[in-house]
Amino acid sequence: MHIAVIGGGPAGLYFAILMRRDFPQARVTVTERNQPGDSFGFGVVFSDQSLDMIREADAPSYRAITESFAWWDDIEIHLRGTVHRIGGNGFCGCSRRGLLLLLQDRARALGVELRYGQGAAPEDFPDADLIVAADGINSPIRSRFASHFQPEIDLRPNRFAWMGSTRPFDAFTFFFRERPEGIFIAHCYQYEAHASTWVLETDPETFARAGLEAMDEAASARFLEGIFAEELGGHRLITNRSQWRRFPAIRCTRWVRGNMVLLGDAKASAHFSIGSGTRLAMEDAIALHAAFRAGGGVAASLARFEASRREEVERTQHAADVSLVWFEQVWRFWRMHPTCFAFGLMTRSKAITWDNLALRAPEFAAETQQVFAEEARAAGLPAEPAKPPMFQPFRLRGMPLANRVVVSPMCMYSAVEGVPGDWHLMHYGARAVGGAGLIFTEMTDVSAEARISPGCTGLWNDAQEAAWTRITGFVHAHGAARIALQLGHAGRKGATKLMWEGMDRPLEEGAWPVLSASPLPYFPDSQVPREMSRADMDAVTAQFAAAAARALRCGFDMLELHCAHGYLLASFLSPLTNHRSDEYGGSIGNRLRYPLEVFDALRAAWPAERPISVRISATDWADGGITDADTLAIARAFAAHGCDLIDVSTGQTVQDSAPVYGRMFQLPWSDMIRNECGIATMCVGNITSADQVNTILAAGRADLVALARPHLTDPCFTLRAAAQYAVGDLACPPQYAPGREALMRNAAREREELMELKRKARPRGHMPAPLPRAAE
């Protein structure tokens, strides 16, 4: 077997090492255009987990790497005169040049043929059984065969330059500096004695104001030495092809073409802010080697590699994407308390969470909890520092909430003629005594023609009002939870089947006429809605106001106006569903006009001391839909009209949308609205644990957290979380008090057992002692 590797970086060299070691009969060649000692950059970073994989893959390489690396356990964050040092991380750094040289030595010892100073192309190896294209982030091979590999290259806006220094570090360190030009960031770590990496980053506006585009490497370095003079402590910045660049986020639809495979940065890139470029490259090499070890020939092995490796690569890339966006938007968090800022930085990629930090850095977690409580107290809330964020109180106008957990609106499709029945009493009653601070009803329609399905609840007649009064009475009598009524109109998505009979599919019989901003059906075979006239608008607005008056008599604490998911009011907001040419179409200001009219009618009918929220779809997940600028304009407009909370959802506007699902996948828009507009937000969307709730709140990404499906299977989600965090004063009916006491006792024991398991599961260190403190 002849294996030709094009590219002598870590990915190509490490794969050559593993294959030559385990297939000694194979001829393995590595061709690299640069010389053996050339290296552009400074240090590379590995986590403890990565070193574990390298140790298992090839012990001699592992020993060579660990004999020359610098190891640290802490991350330091410097912001506005404060320093937060957070332990329990486990990283090492080593010289990129040193890494390449030791891998070259290992490869030569195994009989790999190394060819330097010459370029190569696939046709140069006509007899090769396998060609590995490990030719880097600017891969000529990927570009040449782009029609097959189908790369997507997202050139990110921030500018960065890779430099070095002799300034020592004993922690991975972030420096943040604000100047008249804007914010500058330095990502720093030591990789060997008297040598450290400095990745300098800034946004494009700051880059332009600073005039860095016109500076050469030396001038850039001198300029940045002035910005970070205090942090450098007399040391200079060193350049090595340190041009300013924009990071290319690369994904490929295919990794394999015949007997050729892309490896490392050639197939997928991961942003430097999570230190995963070299790690991904070497893990790629390990995975490709494992695919060949499993047998079956070249074609089968390459197919196995792509099938088994893609999910992990995409997971790492997703974490890197979330991380890089945090740095691109750092101005959004700039005025936060430094502790909250540091917590947001630590948890930005979702790999580190509240519980995780409590384990690895308990002092920092306790400080974050203290600061969160202090900020709540400063807002006039009776906060208690002993409680984690999810159990801190909140207030909307005159409505206090005992905690930040919310039962999200969830359609039950179980009403008869719009009347909620015993099912609804059980559903809302069970969750009212389960500990959540706030409960939302399902979307409740303002008329028979406003329903999504025949099973939807309504509030347009006396029978419905009486049924809802029964439910709110139970909620208020048996718990501390507040209950909000979500009012809506289905618009063009009305007259459809029950969810379990066909989501959003049109009724085959018994349908009623539907309305929308424009006469566009949801599905091609859906009913074509009537475009709303001025008379229709007046009638529907009056229905909303009448429902609000009934809601007040029912005893609801709060209202929510549903302007999301492609329903009637959302159909005005999205350009995909609003094609009007009158004053209600076109610009975002015009598209907002009718939803604001309805909101104003609700606000006028609802007592001033009681809050109203608005649910929006912050993106349509479709080309040509709502933009971030639109979303911010929508949030600001509703706030200016008296909205107290933006309930941030996404999508469901058009049937061919393509949402990108994942943990907490809608959270970025809550973060954006809260921190750019200064408006309270409630986030929702694949949030499943109390750990996630605390992480979201402590990072300042939402004020309330709504959970849907977890509450379907566990009405006592919040009560269980209270036991998990040893919060013993959560309201509980006396009938359930013995159960809560048992839960608290058991949780204390389970909590300690779980923490012990987590401590044992932490990766072991790869160096007997950390670096000496920088000051020493």
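The secondary structure of this protein, a predicted model, comes to 26 helices and 29 strands, where helices (H or I, at least four residues) and strands (E, at least two) are DSSP runs numbered from the N terminus. The radius of gyration, taken over C-alpha atoms, is 29 Å, close to the 28 Å that the globule rule (2.2 Å times the number of residues to the power 0.38) gives for 776 residues, so the protein is as compact as a globular protein of that length. Along the principal axes, the C-alpha atoms fill a box of roughly 85 × 55 × 55 Å.

Of the 776 residues, 59% count as buried, that is, under 20% relative accessible area, with exposed meaning over 50% and partly exposed in between (1.4 Å probe, protein chains only). Where contact means heavy atoms within 4.5 Å, 72% of the contacts between residues at least 6 apart in sequence join residues at least 24 apart.

Glutamate 217 counts as partly exposed because its relative accessibility is 26%. Beyond its neighbours within four places in sequence, glutamate 217 is in contact with Thr239, Asn240, Arg241, Ser242 and Gln243; from glutamate 217 to arginine 241 the separation is 24 residues in sequence and 7.6 Å in space, C-alpha to C-alpha.

Residues are numbered from 1 along each chain as its sequence is written, and side-chain values use heavy atoms, with hydrogens and water left out. Local features need pLDDT of at least 70 and side-chain atom pairs count only at pLDDT 80 or more, whereas totals for chains, interfaces and linings use all residues.
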